[in-house]
Amino acid sequence: MASIKMENVQKAFGKTIAVDQLNLEIKEGEFFTFLGPSGCGKTTTLRMIAGFYYPTKGVVRFGDKDMTRVPPEKRNTGMVFQNYALFPHMTVFENVAFGLRVRKVSPADLKRRVLDALQKVRLESYSDRQVSQLSGGQQQRVALARALVIEPEILLLDEPLSNLDAKLRDEMRVEILRLQRDYKITTIYVTHDQAEALSMSDRIAVFNYGVCHQVGTPTEIYNRPANDFVASFIGEINLLTVQVEKVQQDNIEVALKGSEQPIKLNVENQAREGISILQTDVDLAVSIRPEAIRILDVTEEGMNIFKGKINSVQFFGSVVNVMVDVQDVSLRVDVFNTHDFGYFYQGKEVYVQLPEKQLRLIPVISGDAP
Amino acid sequence: MIKNRDTRLTVWLLLPVALVLVAYVLYPSLRTFIESLQKDGMISLGNYQDFFVQESKTNLEALWNSVYISLLSVLVSALIGIPLAFIFNRYDFPGRSFFSSAAILPIVLPSLVGVMAFMFLYGESGLVPNAIKDLFGLDKVPFKIGGVSGILIVHAYTMYVYFYMTVSAAINKIDPSLEEAAYNLGANKFKVFWKVTFPLLTPAIVAASLLVFMISMASFSAPFFLAGGYRVLSLQIYFSKINGDMEIAATQSVILSIVSISFLLFMRWYQNRKDYRMASKGIGAHRSEVKNPFMKWVMVVTGIIGVIILLLPHFTILLLSLVPDGTWTFQTYPTVFNVENYRLLFEDPNIFKPLRNSLLMAVIATLANLVFGVIASYVLVKRKFVGKSLVDILVMIPWALPATVIGMNLIFAFNEPSVFSFGQILVGTFWILPLAYFIRHIPLVVRSTNAVLEQLDDSIEEAARNLGAKWFYTFRRVIFPIIMPGVLSGTLLAFIESVGNSRPRSCCTRFQTGPYPLKS
Amino acid sequence: MNQLRMFNMGQAAAYGMIQITLIVIVLFISNKFFGIKAEKAL
């Protein structure tokens, strides 16, 4: 077990910079996820931790040890590859035993540990099989056993579930979490699937174009996104481009373009950096999750109530998705199916309330916010 | 400068590979080139001037003959191979899969043995013409092969297979829905073939054409034996060498090398160009069954006759091997059959010793090929370094160079002591032959190993490293066992060819001392 | 041509037969056990 620290890490391939100015600290025993679209630098970062790439700049530490240029075989990390990378010419037993044989573990000890690891992934009866005879999920478990049996300090998982079908994926998700808790091992999990990231992780780092945009717990990432990329990459979100009108002690007033009625935001919900961006000249947006918006039949007293018209209604089973046009913008509102959503129909005039505590002022960095 | 141990490892692996290539591929070629510049003890282009403006024009004629025989060989091989590929891959009829495997039979016939078989089959006193003569009571044999047409027949027989195999592979890769889409858009059969199918096959046809062209340029046995020393460039080199005109031989070698290497480079360029790859995956073969019963039986009968013709040379060799020495001289047909030749092959020390020697040479060369091939292929496929395509070209050069030229290069390079031969003169020693086989088979082993290494995912090696294995342990326990099959099949073929090549040499030496008219 | 028969063609042929057999065996093995197509090997 070890903590991992990455200080000012940069990785360039020729002229392309794959990862830039990365500062991360991963705690001992933590389940940490790198989340981002493909080509965002998350796998590159994982490979720098595994030692397959050396950073162009910066330092990688495990605990206090500087590991920046230590070759992969001396790092004692256990990695599960996207395609599992099982050795095709060996049996299940030999695959799992490989790391122990390298470490010259005595035969009796080796056998006990391999069988123990296979039992943990519930494959003890398959130990003599050739790996090609196993299903995708079983191969995945062999890869996990092979990585865990050497008792690595860090477990690295590179999109391990992406080659499995949906049902198996749910099963393996539970399995991986169980093993991680069993071994209490520092784990880094790379994925582009936000559902996996939110449901499994202790903390998440969100990457795009080689930059880490935010590090935080799943609820922080979801509820308090740092910028429009994080906000829109994870879940659905309404982003409204705004201009700041007034900054007061406990609230901020912003204005939608072309609207006279200001939107009021609660200061408490803004991160410290959220306030500081007011002084710089970045474009700003107000973000709000679809499920946070209230739809009202008639207007009532309260803050941030706007008149609008329903543009479309889509039924998704547990949730009903209502698009409401308010002035020039279209808001997405998610309403739970409580059997009486029949009063929503296209063209109906309604009022929407944007609760001030759920609104968050964030910088626009991608330039494609509505 | 060396940043980390992986780079250092690449350098350590690359160094021996580069050294071997420079010493045994580049250096000998350069020596030949230098030799070709020497005339009357001076450095000049005189030899080249002689080559092109010589009064008797023999060299130019040989170059022209080589080129035009090669072009005709390409044409004839294509005319046989491409239709066969279509018939066997697009139509279904009884015995199709048997006929389609039988179609690659010529490939197992070593070139000299093949030429021998053709001489005994269709030559002046060949079995087939004489059988026809006796059968119909003719005065003379109705036909015989020899000269240019003889060379062409042998080339067509052995080389159509390259067209057949590459075009078959390409046909099977074509997504049937492409043609169906064209029909759907209203194109007729003829139009679909010329506008859709044929363009998709062009890369395969070009590759096969270049291959056949290069092999024909190098062809030695057919013009030598069948056409009575017909004047082609590869033979001219041999004659110049025997006559002691080393500088001329060098000049001829350089010119033949230039022609062959430019074809190799053209082929590389063509293959690396963006070609049309099929977007769809997992295409099933689609063959239309031949329904018309008359056509069906015509095809089956033609197939059977074809297989018999294809197998006749193999059968002739078998027959010849069963005829004891000296029992078939003036008779039209052999009369005595036994296994005397095989017995002698293993028992007579005069025969067995050279055989054992050649086996030993083949073993040495093949082991060297194995070690070199695996390292070179690993470096080329799995490592990044500057100058990779240069190394790649050097590896491929022995494949483009005719065997005669490789032989000449070695003679020029190692008939005096050099660093690369550890200060020894190699010409005339035991070691020159294993060295020649080794050089000749570098491309074969490297290519077959490349094919398997390219399919080996990098993550396999990374997984082993991640589990704590050092590079060498990983290589020994993981990479090598996985690529073993590909390496083995390439190496075994190299071994067989080395064993096979040893015979032509001893045959040639026999012919030289015997009364056989060597010069044309 | 008849002269040619004076030489040790029989032994050359016997040697050739051994070669042919070896090549066929190698092609067969590499196809059957390693799944390598003849065109790849050559």
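Mentor: β17(A) and β18(A) run antiparallel and are joined by eight bridges. The strands here are DSSP runs of E with at least two residues, numbered from the N terminus, and two strands count as paired if DSSP finds at least two bridges between them. This is a predicted model, in which local features need pLDDT of at least 70 and side-chain atom pairs count only at pLDDT 80 or more, while totals for chains, interfaces and linings use all residues. Residues are numbered from 1 along each chain as its sequence is written, chains are lettered from A and ligands numbered from 1 in the order in which they are written, and side-chain values use heavy atoms, with hydrogens and water left out.

On to the pairing with β16(A). Strand β16 (residues 305–315) and strand β17 (residues 319–326), both of chain A, pair in the antiparallel sense over six bridges. K309(A) has D325(A) in β17(A) as its bridge partner, and S312(A) stands opposite M323(A) in β17(A). The hairpin of β16(A) and β17(A) has three residues between the strands, and G317(A) takes a positive phi near 100 degrees.

These strands belong to an open sheet of five strands in chain A, with antiparallel pairing and the order β15-β19-β16-β17-β18. Its edge strands are β15 (294–296) and β18 (329–336) of chain A, each pairing on one side only. From one strand to the next the twist averages 45 degrees, where axes are lines fitted to C-alpha atoms, for helices over the stretch in contact, and angles run from 0 to 180 degrees between N-to-C directions.

Chain A also has an open sheet of four strands, with antiparallel pairing and the order β2-β1-β4-β5. Its edges are β2 (16–26) and β5 (65–66) of chain A; each has a single partner strand, so one side of each is left without a neighbour in the sheet. Strand β4 (residues 57–62) of chain A runs antiparallel to β5(A) and is joined to it by two bridges. In that pairing R61(A) has D66(A) in β5(A) as its bridge partner.
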